[in-house]
Amino acid sequence: AAINRRAIDELVQLAHPDIEWRPYLAKLAGEDTVYRGHEGLRLYFREISEAWDRFQVEVDEYRDLGRHVVNVGRLRATGRGSGLEVEERLAWLHTLAPGAGRGRYLLHEAFPSMAEALDAARSRGASPTNVELTQELFAAITRQDSARLLELTDPEVEWRSFFALGE
């Protein structure tokens, strides 16, 4: 990935001119730091290079939510002067501007969990994925929550009992 190679020019090409980059390590330090625009993105990676000998992101899973993408993985870093080792399981929310092609990457924000990143995506208008809807549907069935089951399904759905399959 461009982040692991510190290929800043590649990231800038992907980024919208108004990109907001909200890093997790700043959150850990209790800061609400936001890097804005292409110059902000360049500044962020200069600061990363100055502070960390190693800064690596590994992504295990991606969730496509339309204009939003949530991924989950691990951040590993080693402090330049201190030797401090950081390893955190994280989720990242990426928001894309409408349209096609490069230059649409509008927001990067890190979260401590997939659930928090998905909540943030939903608060910005993302629709749940088919996987999430299916998980919620089965949870409603397990809880025998018929009201929630009806909320999740089309009014025209045709229900067939498993026990009637042989008939």
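This report walks through the fold, the sheet and the salt bridges of a predicted model.

## Ground rules

The model is predicted, so local features need pLDDT of at least 70 and side-chain atom pairs count only at pLDDT 80 or more, while totals for chains, interfaces and linings use all residues. Residues are numbered from 1 along each chain as its sequence is written, and side-chain values use heavy atoms, with hydrogens and water left out.

## Overall build

Let's start with the whole chain. The protein chain has seven helices and six strands; these are DSSP runs, with helices being H or I of at least four residues and strands E of at least two, numbered from the N terminus. Along the sequence the pattern reads α-α-β-α-β-α-β-β-β-β-α-α-α.

The radius of gyration of the protein chain is 20 Å, whereas a compact globule of 167 residues would have one near 15 Å (taken over C-alpha atoms; the globule rule is 2.2 Å times the number of residues to the power 0.38). The C-alpha atoms fill a box of roughly 70 × 35 × 30 Å along the principal axes. Of the 167 residues, 37% are buried (buried means under 20% relative accessible area, exposed over 50%, partly exposed in between, with a 1.4 Å probe and protein chains only).

Six strands make an open sheet in the order 2-1-6-5-4-3, with mixed pairing (two strands pair if DSSP finds at least two bridges between them). At the edges sit strand 2 (35-36) and strand 3 (52-65), each pairing on one side only.

Strand 4 and strand 5 run antiparallel and are joined by 11 bridges, with Gly73 having Leu90 in strand 5 as its bridge partner. These two strands form a hairpin with five residues between them, and Gly83 in the turn has a positive phi of about 75°. Strand 5 (residues 85-96) also pairs with strand 6 (residues 105-111), in the antiparallel sense over six bridges. Here Ala91 stands opposite Phe111, and Trp92 faces Ala110.

## Helices on the sheet

## Salt bridges

The count comes to 15 salt bridges, each a side-chain nitrogen of Lys or Arg within 4 Å of a carboxyl oxygen of Asp or Glu. One of them joins Asp9 and Arg42, with the closest N and O atoms 2.9 Å apart. This pair links distant parts of the chain, with Asp9 in helix 2 (residues 8-14) and Arg42 in helix 4, 33 residues apart. Arg42 also forms a salt bridge with Glu39, at 3.8 Å between the closest N and O atoms. Arg42 and Glu39 are three residues apart in helix 4, so about one helical turn separates them. Arg42 is partly exposed at 26% relative accessible area, while Glu39 counts as exposed at 55%.

In helix 5, Arg122 and Asp119 lie three residues apart, about one turn of the helix, and their side chains meet in a salt bridge (3.3 Å, N to O). Finally, salt bridges that share partners join Glu58, Arg74, Arg76 and Glu87 into one network.
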